[in-house]
Amino acid sequence: MIKPPLPEMSYKKFLQKIKACNTANTSNYIPFIINDTQTGWLKPTFAEHLATWPGIFSLDGKSVRLADKTQDFKTRSEAVDQVIHKLVQQNVIRSYLDEPYPVTAGERNQAVMTLDRSAVSYFGIRSFGQHLNGYVQKSKGLHLWIARRAKDRYIAPGKLDNMVAGGLPWHITLKENLIKECAEEAGMDEALARQAQATGTISYIAESANGIKPDTLYCYDIELPEDFTPVCTDGEVESFELMPINEVMAIIQNSEDFKANCNLVIIDFLIRHGLLNPDQAGYAELVRKLHQ
């Protein structure tokens, strides 16, 4: 395992990448509350749209509450889904994606309803994803498979990405979703995908044009044989490159080439694989800020 010495400025550059994913200012938003528990944040302008449905949402100027009559998982999900369809028709929300995401103030399995992926950032709810680092141990050191996103992607077109990365919808287990994403994004068979090792999570609170994005990413590593080459089957990635880890680190430090949250996934990888020096100033801050 190579352990390249990094100057102190490099750690500051890594910290800048983490800061770039934590841009949300919650003071500009209104709490979204279900059963007296805050589950999200809304822009005041978006909250005004919800006021059109007083039987589903109640607004008091300080918060937006889901109506008390929607007291169970199914009723909440169906009521809000009808609103999302209407908001898409009104061009308030860009499109309906038909991907239900869990709405929760805690763990994913504590969801109190589902919400279509298209509306997640509008409601400022926590979303979940999975990112897989595919690496190869060569005689010259550790290499990472890096994807380049297709230029027709709505989010981060043409940017560099982790080998496999995707959202985590409701009604599917983490293992099932990871196997599916590995097949779609890297042409990986199930037997190989099952060798991926869960390594923990990273989290951040970003701000987008539509609202707040509190995200939790489940991270995985897989050591791949030298004769494996990933092949994208769903059109999200236009190419892959097996890069020496030093080159990957230099790209993160000195450019904006990576999709923003992928920087954090790789920084976490560098920490776990001993590629950053814990004696160097800024190391503990890096570790802490990956879990905002």
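I looked up Glu99 and found it partly exposed at 25% relative accessible area (buried means under 20%, exposed over 50%, partly exposed in between, with a 1.4 Å probe and protein chains only). I worked on a predicted model, in which local features need pLDDT of at least 70, side-chain atom pairs count only at pLDDT 80 or more, and totals for chains, interfaces and linings use all residues. Residues are numbered from 1 along each chain as its sequence is written, and side-chain values use heavy atoms, leaving out hydrogens and water.

Next, the partner of Glu99. I found a salt bridge to Arg117, with the closest N and O atoms 3.4 Å apart (a salt bridge is a side-chain nitrogen of Lys or Arg within 4 Å of a carboxyl oxygen of Asp or Glu). Glu99 sits in the loop between α3 (73-89) and β5 (100-103) and Arg117 in the loop between β6 (113-116) and α4 (120-123), so the pair ties together parts 18 residues apart in sequence (helices are DSSP runs of H or I, at least four residues, and strands runs of E, at least two, numbered from the N terminus). Arg117 is partly exposed, at 35%.

Then I checked Arg65, whose side chain meets that of Asp36 in a salt bridge (3.0 Å, N to O). This pair links distant parts of the chain, 29 residues apart. Arg65 is partly exposed at 32%, whereas Asp36 is exposed at 67%.

On to helix α8 (residues 260-272): Asp268 and Arg272 are four residues apart there, about one helical turn. Their salt bridge has its closest N and O atoms 2.9 Å apart. I noted Asp268 as buried at 9%.

Last, the tally: the structure holds 14 salt bridges.
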